[in-house]
Amino acid sequence: MSGFSSAVHPPISHLSLVTLYVTDRCNSRCRSCDYWRHGGTHLSPDAVRRLLPSLEALGTRIVQLSGGEPLMSPDWPEIAAMLRAAGLEVWLLTAGLALAKSARKVCDLIDSVTVSLDGADAATYAAIRGLDAFDKVCEGIRAVAALGLPPALRVTVQRDNFRQLPAFVSLAKDLGARSVSFLAVDVANPHAFGRTGDAISDLALRREDLPEFEQVLSSLDKRHARDFRTGFIAESSSKLRRLHRYFSALHGSGPFPAVRCNAPEFSAVVGAKGEVQPCFFIAGPPEPHAPGGDLEAVLNGAAMRALRTDIRAGRRPECRTCVCSMYRPGGQLLSRAPTARASGPGAASRLGSIAP
């Protein structure tokens, strides 16, 4: 987080991106996440309706529907329709288990879709996600792609799937996806993804895996050079090398990749219970909750401003090991999010790069 002043963070007057956890329930059984163990809260349409004046005042342009699994919320269609009626672009982040049966409704109400897919075959998917549902998720991806809304795929790289990176690129093309991106599994933050216990370090690559991972990345460079150029692979080749440095750092073989992030200055997360967070990985102040009041007031309250000051000054340990840093010059998104219906791979890459 170098290069930032430690002065008290100024008030936020513009918030381009807001993530809403419309539910903390989930129908996956991921080893890296605990939402499925204890989630049971849905964000109500009335709560979202009370947020709309704040979103307008803050100039918000994009709202991500996340969770938990957002398609498990009985109210997600009403919430999506409400947001679009207010002139906001709606982006769905989903594990895809209910995507096939909801495909038509998703395509009618959603502007862009990102599907989390951590196995390039059924066995790997089941080992990571705890369900025999690979074919069902692939069916959903194909369904929305066929209806004109090709999704982006997001892969969380871990010990069980790191050898499959080239296979994920081929699979994404076969399914009709618009792009594929890769993120290291977060094992350093014990509180991310609804975890209630210690971080799950056994998901990370072992020290002896690192030379093979280097070979996998080199193979990806050679076999998919064009996909890097076009943005079908959302990250650059050099950015993917950060994954190797991250896993190396977990074993003490060098520092963690330097983090440059100002996500809390242009985005915020609102949880299913109304809690406000500066990003996916850092909890916000316990009170007040945004849907019960004014999001702008919460963001510019003393507690949240102090938290953003600590983040900017590099005093939060979560930031030093973050797997998903986001930086935008001036704290703004580069452009209004392109819809997947009308965008090529390059545009999809720009959109996908702002998702955690």
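I begin with helix H12, whose buried residues pack against strand S8, helix H11 (295-299) and helix H13 (317-320). Please bear in mind throughout that this is a predicted model. Helix H12 spans residues 302-312, and its buried residues are Met304, Leu307, Arg308, Thr309, Ile311 and Arg312. After H12 comes Gly314, which has a positive phi, near 80°.

Strand S8 takes us to the sheet. In what order do the strands of the open sheet lie? The order is S6-S5-S4-S3-S2-S1-S7-S8, eight strands with mixed pairing. S6 and S8 (276-277) are the edge strands, each of them pairing on one side only. At the S8 end, strand S7 (residues 267-270) runs antiparallel to S8, and two bridges join them. Val270 has Val276 in S8 as its bridge partner. A helix also packs on this sheet: H3 (residues 76-85) touches strand S1 (17-21), strand S2 (62-66) and strand S3 (89-94). The direction of H3 makes about 175° with that of S2.

Let us now move along the sheet from S3. Strands S3 and S4 are parallel and pair over four bridges, with Thr94 standing opposite Val115 in S4. Together with helix H4 (residues 103-109), these two strands make a right-handed β-α-β unit. Is strand S4 largely enclosed or open? S4 covers residues 112-116, and four of its five residues are buried, so the rest of the structure largely encloses this strand. On to the next pair: S4 and S5 are also joined in the parallel sense, over three bridges. Here Ser116 stands opposite Arg154 in S5.

S5 (residues 152-157) pairs with S6 in the parallel sense over six bridges. From S5 the chain passes through helix H7 (residues 165-175) to reach S6, in a right-handed β-α-β crossover. Within this pairing, Leu153 stands opposite Val180 in S6. How many of the six residues of S6 are buried? Six of the six are, so to speak of S6 (residues 179-184) is to speak of a mostly covered strand.

From H7, the residues Leu165, Pro166 and Val169 meet Phe213, Val216, Leu217, Ser219, Leu220 and Arg223 of H8. Seven of the residues in this contact are nonpolar, one is polar and one is charged.

Finally, I turn to the largest nonpolar core. Which of its 104 residues touch the most other members? They are Leu20, Leu65, Leu83 and Phe182. H7 supplies the largest share of this core, with six residues. Beyond its neighbours within four places in sequence, Leu20 is in contact with residues including Leu43, Val48, Leu51, Val63, Leu65, Leu83 and Val270. Gln64 and Ser66 are also among the contacts of Leu20.

That concludes my presentation, and I thank you for your attention.

Methods. Residues are numbered from 1 along each chain as its sequence is written. This is a predicted model: local features need pLDDT of at least 70, side-chain atom pairs count only at pLDDT 80 or more; totals for chains, interfaces and linings use all residues. Side-chain values use heavy atoms; hydrogens and water are left out. Buried means under 20% relative accessible area, exposed over 50%, partly exposed in between (1.4 Å probe, protein chains only). Two strands pair if DSSP finds at least two bridges between them. A crossover is right-handed if, with the strands pointing away from the viewer, the path from the first strand over the helix to the second runs clockwise. A nonpolar core is a set of buried Ala, Val, Leu, Ile, Met, Phe, Trp, Tyr and Cys residues joined through side-chain atoms within 4.5 Å. Contact means heavy atoms within 4.5 Å. Axes are lines fitted to C-alpha atoms, for helices over the stretch in contact, and angles run from 0 to 180 degrees between N-to-C directions. Ala, Val, Leu, Ile, Met, Phe, Trp, Tyr, Cys and Pro count as nonpolar, Asp, Glu, Lys and Arg as charged, and the others, Gly among them, as polar.
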